[in-house]
Amino acid sequence: MDIFLLILSFVFVIAGIIGSVLPIIPGPLTSWLGLFIFSYISNVEVNSKILVFCFVIALIIFVLDNFIPIYTSKKFGASKYGIIGASIGTLIGLFLPPFGIIFGAAIGAIVGELILNKNFEKSLKAAAGVLLGIIVSGFTKALISIVFLIVYIILFLKNFDNLF
């Protein structure tokens, strides 16, 4: 059972890194789940403060992930239609990997803005805000998930003798 938990925990940590780029999987929360599963392996010692701290960070990033693209979009002048268009474009882009999410969000923002005000220049500016938000959000999630992978590796090495 311990080997199964070890493999499962590692898969979740890696899935969290992948999820930082794919909006289907909540990246840092998935990586944290890997750390949590690792803590349930018998003879493994994981400080509960580390788990709580990592969970709080993952939760904060999860919440911010929903607001960063909206915030940057608004700062670049996007309207409600541009944000809705970007959301629809992102969903459609999920089916066109690897860059469908980015292009889908940008095209959706442009179309949404064009529906509202017919100003192509304003639509491009709104799309730039959406892209910036997606990039900043994705980078932040990836960075945190990679930090969780490093924490996982440190915990693995610290408990190596207890694992095998």
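Since the model is predicted, local features need pLDDT of at least 70 and side-chain atom pairs count only at pLDDT 80 or more, while totals for chains, interfaces and linings use all residues. Residues are numbered from 1 along each chain as its sequence is written, and side-chain values use heavy atoms, with hydrogens and water left out.

Salt bridges come up first. With a salt bridge taken as a side-chain nitrogen of Lys or Arg within 4 Å of a carboxyl oxygen of Asp or Glu, the count comes to two. One of them pairs K141 with D65, and the closest N and O atoms are 3.5 Å apart. K141 sits in helix α6 (residues 120–158) and D65 in helix α3 (residues 48–75), so this pair ties together parts that are 76 residues apart in sequence. Helices here are DSSP runs of H or I with at least four residues (strands would be E runs of at least two), numbered from the N terminus. As for exposure, buried means under 20% relative accessible area, exposed over 50%, and partly exposed in between, using a 1.4 Å probe and protein chains only. On that scale K141 is buried at 9%, whereas D65 is partly exposed at 21%. The other bridge joins E113 to K122, with 3.8 Å between the closest N and O atoms. E113 is buried, with a relative accessibility of 0%, and K122 is partly exposed at 31%.

Contact here means heavy atoms within 4.5 Å; leaving aside neighbours within four places in sequence, S79 is in contact with E113 and L116. Another serine, S73, belongs to helix α3 and is buried too, at 3% relative accessibility. Not counting residues up to four places away in sequence, S73 touches A78, I83, G129 and V130.

Next, the nonpolar packing. A nonpolar core is a set of buried Ala, Val, Leu, Ile, Met, Phe, Trp, Tyr and Cys residues joined through side-chain atoms within 4.5 Å. The largest such core has 22 residues, of which L35, F38, I41 and F148 touch the most other members. Each of α1 (2–19), α2, α3 and α6 supplies at least two residues of this core. F148, for its part, is in contact with P28, S31, W32, L35, C54, I57 and A58 once its neighbours within four places in sequence are set aside.

On a 1 Å grid over the protein atoms alone, a cavity is a set of points where a 1.4 Å probe fits but cannot get out, a pocket is an open set with protein on both sides within 12 Å along at least five of seven lines, and lining residues have an atom within 4 Å of a point. Grid points are joined across faces, edges and corners, and a volume is the space filled by probe spheres set on the points. The largest pocket comes out at about 770 Å³. It is lined by 32 residues, and P23, D65, P69, T90 and I134 are the closest to its centre. The elements giving two or more residues to this lining are α3, α4, α5 (100–117) and α6, with α6 providing the largest share, eight residues. By class, the pocket lining has 22 nonpolar, eight polar and two charged residues; Ala, Val, Leu, Ile, Met, Phe, Trp, Tyr, Cys and Pro count as nonpolar, Asp, Glu, Lys and Arg as charged, and the others, Gly among them, as polar.

There is one cavity of 30 Å³ or more, and the volume of the largest cavity is about 30 Å³. Its lining is made up of D2, I3, L6, I41, S42, N162 and L163. Both α1 and α7 (160–163) give two or more residues to it, and α1 has the largest share with three. Sorted by class, the cavity lining has four nonpolar, two polar and one charged residues.

Most residues other than glycine have a negative phi. N43, however, is not a glycine and has a positive phi of about 70 degrees. This asparagine is placed in the loop between α2 (27–39) and α3, where N43 is exposed at 59% relative accessibility.
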